[in-house]
Amino acid sequence: MNGIESLLKMYDYVRPVLDIAILFFLMYKGYQLVMRTNSAQILKAVVIVALAFGVVKVLHLSTMLWIFENIAPALLIGLVIVFQPEIRKVMINLGQSSWFQRNKSLYTGDTIRQVLIAADTLSNQKRGMLVVFLRKTQLSDIEKTGEFLDSADMEKKTYKGDMNVSSSLLISIFAFDTPLHDGACIIQNDRLVAAGCFLPLSEQFDIKKTYGTRHRAALGVSEVSDAVTLIVSEETGAKSLAYDSKLHYDLSTEQLEATLTRLLGVDKDDEKGDDADDIEAVS
């Protein structure tokens with residue numbers, strides 16, 4: 001009995017520390033989530049409203065306080081309506097989050113290298129390319145807008161054919177004016193699942209005008225999923241990556257390989273890149 005009482009007394013000392021630690025952990029993860037989904041404007045709006053309410057409360061402005069208290073429900077509904085796209089992205093990313101464990105990689109280094117060989121070739125030829133690497137989020141609706149290249153059972157999420165990712169296959173799709181070259185290729189589990197897919201365009205309003213439709217589409221799919229998209233510009237031949245609602249433009253092949261290796265969780269034994277070339281390290 002004395003042992004239990006001692007533990008309870010010890011917990012009384014530990015509880016405040018634990019309470020604060022959990023609070024800071026949730027705040028940090030929430031901040032990461034908002035920054036990753038490019039939804040900082042939600043925080044700004046909430047902070048402005050909270051500061052205004054605080055000022056009214058401190059100065060005892062009874063009329064304004066009455067107004068705040070009465071319009072608070074309508075204001076909350078208004079914020080939800082105005083920021084519906086941003087809130088949707090936050091919820092999607094929250095469902096995708098894996099805070100305490102790392103999932104087993106579904107990609108190998110050879111798949112990345114085959115895609116990069118094709119990207120280099122198409123870049124030299126000034127031919128556009130758009131390749132989406134799926135991670136946790138399924139994009140079945142987007143896949144259905146294109147042509148399935150594998151013998152796939154989408155309901156059971158099984159793949160039966162032998163449509164492996166190869167540079168020659170990707171080049172044949174994008175290097176010539178075939179019906180599939182204007183869309184995106186989707187890769188999942190080291191398999192080339194579909195081609196000629198139409199991606200949603202980005203909702204960001206501050207995108208550079210020099211970016212073409214491929215870049216806007218790559219940003220768009222990164223805003224609604226955790227996919228990583230490789231883009232080759234048809235105008236300049238620049239190679240870029242889009243993920244977490246951000247576009248990283250004009251990367252070298254070494255940067256692309258290191259970053260894809262990290263984002264797709266390729267085993268260290270299977271990679272041939274240098275982590276120092278990761279764009280997170282050089283930015």
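Let's start with one residue. Glu147 sits in strand β2. Keep in mind that this is a predicted model.

What does Glu147 touch, leaving aside its neighbours within four places in sequence? The contacts are Leu180, Val193, Ala194 and Ala195. Take Val193. Along the chain, Glu147 and Val193 are 46 residues apart, yet their C-alpha atoms are separated by 8.5 Å. Now take Ala195. Ala195, in β6, is the bridge partner of Glu147. Strand β6 covers residues 191-197. Two bridges join β2 and β6, and the two strands run antiparallel.

Now step back to the sheet. Strands of a sheet pair through backbone hydrogen bonds, either parallel or antiparallel. Here the sheet is open, with seven strands and mixed pairing. Read the order across as β2-β6-β5-β1-β7-β8-β9. Which strands stand at the edges? They are β2, residues 147-148, and β9, residues 246-248. Each has a single partner strand, so one side of each is left without a neighbour in the sheet.

Helices next. Helix α8, residues 213-224, packs on this sheet. It touches β1, β7, β8 and β9. Against β7, the direction of α8 makes about 175°. Then there is helix α9, residues 253-263. Helix α9 lies across β1, β7 and β8, and runs at about 20° to β8.

Next, a helix pair. Two packed helices are described by the angle between their axes and the distance between the axes. For α5, residues 109-124, and α7, residues 167-174, the angle is about 40° and the axes are 8 Å apart. That makes α5 oblique to α7. The crossing is right-handed.

Who meets whom? From α5 come Gln114, Val115, Ile117, Ala118, Thr121 and Leu122. From α7 come Ser167, Leu170, Ile171 and Phe174. How do these contact residues divide into nonpolar, polar and charged? Seven are nonpolar, three are polar and none is charged.

Last stop: aromatic rings. The structure holds two aromatic pairs. One of them is Tyr107 with Phe133. The arrangement is edge-to-face, with 5.8 Å centre to centre and 70° between the planes. Where do the two residues lie? Tyr107 is in the loop between α4 and α5, and Phe133 is in strand β1. The pair therefore ties together parts that are 26 residues apart in sequence.

Technical notes. Residues are numbered from 1 along each chain as its sequence is written. This is a predicted model: local features need pLDDT of at least 70, side-chain atom pairs count only at pLDDT 80 or more; totals for chains, interfaces and linings use all residues. Side-chain values use heavy atoms; hydrogens and water are left out. Axes are lines fitted to C-alpha atoms, for helices over the stretch in contact, and angles run from 0 to 180 degrees between N-to-C directions. Helices (H or I, at least four residues) and strands (E, at least two) are DSSP runs, numbered from the N terminus. Angles under 35 degrees count as roughly parallel, over 145 as roughly antiparallel, 65 to 115 as roughly perpendicular and the rest as oblique. A crossing is left-handed if the near helix is turned anticlockwise from the far one by less than a right angle, and right-handed if clockwise. Contact means heavy atoms within 4.5 Å. Ala, Val, Leu, Ile, Met, Phe, Trp, Tyr, Cys and Pro count as nonpolar, Asp, Glu, Lys and Arg as charged, and the others, Gly among them, as polar. Two strands pair if DSSP finds at least two bridges between them. Rings of Phe, Tyr and Trp (its six-membered ring) pair if their centres lie within 6.5 Å; planes under 30 degrees apart count as stacked, over 60 as edge-to-face and the rest as tilted.
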